[in-house]
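Please read these notes with the structure open beside them.

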Amino acid sequence: MSLYEASVRVKHECPYREISERHPDLTIREWPLSDCQVLEITTETTPTDALLDDIDRLGTVLHQSEDGDGYHVVTQSCLCSLEESVIDRFEAHNCLYQSPTIYRQGWEHYTVVAFDDADVRDLLDDLRADREIELLSKTSISEQQVPHSMLAPANQLFEGITDRQLAALQLALERGYYTQPRKTSLRELADQTAVARSTYEEHLRKAENKLLTSAGQYLRLVTATSTGDPLEVEETRRADRAAD
């Protein structure tokens, strides 16, 4: 199976892009979370009052520093204007988004991975319909190791898992339920909570199922370039077909 990695830059209405256009020395890196964005903002020059005002309007400052290497700030932002995001377009065309998004000099820079060259072409056509876009590179990575940058962001892996399901999973991990041999049982885990064993087990199984389902697309990427068959699945299938 061939994989394709494509890098594009886009211009459309986005407050982060607009800030990078107003301040050409600025670089913004965005990591999307389920209900907000974490932004890393850097510049090698002393920040102007206008830039500091723009940053203050973005959201909550989590970290801020200034030294000989320049100005660095991390913020948590939640802007409703980002709800109809480019990332939604990626998913609609079976393209896997790789964070972070980089904003610089009035452009948004994205990298995606696709299983099919046609998916990349369809995505580009879709984006060109209503915004300015440039394809910077498109590379086949069928003969390469899948890069670590394609590992799933945590918010995507745990998307849809409730707080109780997460708590059940965390307790099981901390108490050694998944070690070999196991250090605890479901009954012992449930006894440490205020819920019945059956309820605890239901929370845990649902968390496991959602986590593995979310990780499935990334598992496909990790195994896509492998030519081995360590469990001899294909050999077994051929034998079954021959028997029929």
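The numbered points below cover strand pairing, salt bridges and surface charge.

1. The model is predicted. Residue numbers run from 1 along the chain as its sequence is written.

2. Start with strand β6, residues 95–104. Seven of its 10 residues are buried, so β6 is largely enclosed by the rest of the structure.

3. Strand β6 has strand β2 (residues 26–32) as an antiparallel partner, with four bridges between them. Strand β7, residues 107–114, also pairs with β6 in the antiparallel sense, here over seven bridges.

4. Ile28 has Tyr103 of β6 as its bridge partner, and Glu108 in β7 stands opposite Tyr103.

5. The hairpin of β6 and β7 has two residues between the strands. Gln105 in this hairpin has a positive phi, near 50°.

6. How many salt bridges does a search of the whole structure find? The search gives 16.

7. Arg9 and Glu134 form a salt bridge through their side chains, at 3.1 Å from N to O. This pair links distant parts of the chain, since Arg9 belongs to strand β1 (residues 4–11) and Glu134 to strand β8 (residues 132–140), 125 residues apart. Arg9 counts as partly exposed at 22% relative accessibility, and Glu134 counts as partly exposed at 30%.

8. A salt bridge of 3.3 Å, N to O, joins the side chains of Arg22 and Asp54. It links helix α1 (residues 15–22), where Arg22 lies, with helix α2 (residues 49–58), where Asp54 lies; the two residues are 32 apart in the chain. Arg22, at 48% relative accessibility, counts as partly exposed.

9. Asp117 and Lys138 meet through their side chains in a salt bridge of 2.6 Å, N to O. Asp117 is in helix α4 (residues 117–128) and Lys138 is in strand β8, 21 residues apart. Asp117 is buried, because its relative accessible area is 18% and the cut-off for buried is under 20%. Lys138 is partly exposed at 37% relative accessibility.

10. Arg89, Asp126, Asp130 and Arg131 belong to one network, joined by salt bridges that share partners.

11. Asp25, Glu44, Glu66, Asp67 and Asp69 form a negative surface patch. Of these, Glu66 is found in strand β4, residues 59–67.

Terms used
This is a predicted model: local features need pLDDT of at least 70, side-chain atom pairs count only at pLDDT 80 or more; totals for chains, interfaces and linings use all residues. Side-chain values use heavy atoms; hydrogens and water are left out. Patches are made of residues with over 30% relative accessible area and no salt bridge: like charges are joined within 9 Å, nonpolar side chains (Val, Leu, Ile, Met, Phe, Trp, Tyr) within 5 Å. Accessible areas come from the Shrake-Rupley method with a 1.4 Å probe; for residues, only the protein chains shown count as cover. A salt bridge is a side-chain nitrogen of Lys or Arg within 4 Å of a carboxyl oxygen of Asp or Glu. Lys and Arg count as positive and Asp and Glu as negative; His and the chain ends are not counted. The place of a charge is taken as NZ of Lys, CZ of Arg, CG of Asp or CD of Glu. Buried means under 20% relative accessible area, exposed over 50%, partly exposed in between (1.4 Å probe, protein chains only). Two strands pair if DSSP finds at least two bridges between them.
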